[in-house]
Amino acid sequence: MTLLKKYADLFIRYALKLNAQKAISGLRRKSDIYQKMVGDVIKETLDNNLTTDEKFWIKKIELLRRQLESSSEELVLTDFGARKIPDPKVYDIEIEKGRNVVSTVGSKCKSGSEIYFWVLILFKLIRKFKPLSCIELGSCMGLSASFQASALFLNGSGKLVTMEGSESLAAIATKNFQTLGLHNISLKLGRFQDTLHAVLSESQPIDYAFLDGHLDGIATINYFKEIVPFCSSKALLIIDNIFWSPSMKKAWKFIEDDKRIKVSFNLRHFGICVIDNEVIEKQSFRIPLI
Ligand SMILES: C[S@@+](CC[C@H](N)C(=O)[O-])C[C@H]1O[C@@H](n2cnc3c(N)ncnc32)[C@H](O)[C@@H]1O
């Protein structure tokens, strides 16, 4: 872990202790399964509470992260990045097709991969919710996918399809899955706009989806609308970077308000949504982790 990431991690833990401890304790005391599940997930993540088997996988993936982060190998990737504030000088066509960017493996891994705290949240959610069919939009180098797939492996069942538009990143992620010996992940190369429908058709019913790419509010709403009809009667949707830009904030509000989302948890970075037809009353919670 680089010094900067270590400090970011420490900061998250400190901020949480001040701001959200009360909310978490409240959730954990509840008999409602989803409130208790999310409360326990956050508490166990903060305490880094792991079994021996969990430690084994997480150590392996974090070692790989360190190796990738220290690599100065040149990397030419296709950037599909949405802009925080849309730039009128950047033509839509360029965003549509992506633009080639030269970077290094190390720097892209640091800037593009979710930090330990948040991937551990995903890992813990999967360990508790036990989904079978999972999808991820945005593989980058495969670190979050590896956390999620190793949780499925430890559960004893389940598979993950991760999607990535940049060919060079997809190649690195695929190699990383092989290095780690994770055989329950498949990677779909292509723009989400072009691949999502086929992935949903092949993987339905979807129990779990993690949206971590194409941080544009309208695009996020469109992916949400496309995914929900393919979900199981009980499913989890996790949206990353819900406070990243004005358009992402609007998208989160839209998703949170959707009547098919029965319980939502706003963690300020992640938004966690529960689809469960048996939950009668809609509930939403704010746990400002950052
Ligand atoms: C934030 S990174 C994913 C990080 C990864 N989930 C992790 O934490 O290890 C987002 C990824 O989504 C990809 N991406 C963004 N927009 C896309 C689109 N429209 N179609 C396909 N891939 C896209 C980017 O190339 C990038 O690798």
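Predicted model: local features only at pLDDT ≥ 70, side-chain atom pairs only at ≥ 80, totals over all residues.
The sulfur of Cys-231 is 10 Å from the closest cysteine sulfur, which belongs to Cys-273, and this is too far for a bond. The structure accordingly holds 0 disulfides, a disulfide being a pair of cysteine sulfur atoms within 2.5 Å. Cys-231 is buried, with a relative accessible area of 13%, and Cys-109 is buried with a value of 0%. Here buried means under 20% relative accessible area, exposed means over 50%, and partly exposed lies in between (1.4 Å probe, protein chains only).

Residues are numbered from 1 along each chain as its sequence is written, and side-chain values use heavy atoms, with hydrogens and water left out.

Helices (H or I, at least four residues) and strands (E, at least two) are DSSP runs, numbered from the N terminus. Strand β6 (residues 206–211) pairs with β7 in the parallel sense over 5 bridges; two strands pair if DSSP finds at least two bridges between them. Within this arrangement, Ile-206 stands opposite Cys-231. Val-228 is found in the loop between α11 (217–227) and β7, and this residue is buried, with a relative accessible area of 8%. Val-228 and Ala-209 are 19 residues apart in sequence, and their C-alpha atoms are 9.6 Å apart in space.

Attention now turns to the ligand. It is surrounded by 21 residues, and the closest are Glu-114, Gly-138, Ser-144, Glu-164 and Asp-212; a residue counts as near if one of its heavy atoms lies within 4 Å of the molecule. The shell divides into 6 nonpolar, 10 polar and 5 charged residues. In this scheme Ala, Val, Leu, Ile, Met, Phe, Trp, Tyr, Cys and Pro count as nonpolar, Asp, Glu, Lys and Arg as charged, and the others, Gly among them, as polar. Helices α8 (143–155) and α10 (192–203) each supply at least two residues of the shell.

Several atom pairs bring the ligand and the protein together. An oxygen atom of the ligand lies 2.8 Å from a backbone N or O atom of Glu-114. In the side chain of Ser-144, an N or O atom is 2.7 Å from a nitrogen atom of the ligand. For Glu-164, a side-chain N or O atom is 2.6 Å from an oxygen atom of the ligand. On its own the ligand has 610 Å² of accessible area, and the protein covers 91% of it.

Finally, some backbone details deserve a look. Most residues other than glycine have a negative phi, and most peptide bonds are trans. Gln-204 and Pro-205, however, are joined by a cis peptide bond with omega of about -5°, and Pro-205 sits in the loop between α10 and β6. Asn-48, in the loop between α3 (33–46) and α4 (52–69), has a positive phi near 50°. Asn-48 is partly exposed, with a relative accessible area of 34%. His-214 has a positive phi of about 55° and lies in the loop between β6 and α11; His-214 is partly exposed at 21%.

Key
Polar contact = N/O pair within 3.5 Å; in protein donor to acceptor, adjacent residues only side chain to side chain. Areas by Shrake-Rupley, 256 points an atom, 1.4 Å probe, with all protein chains shown as cover.
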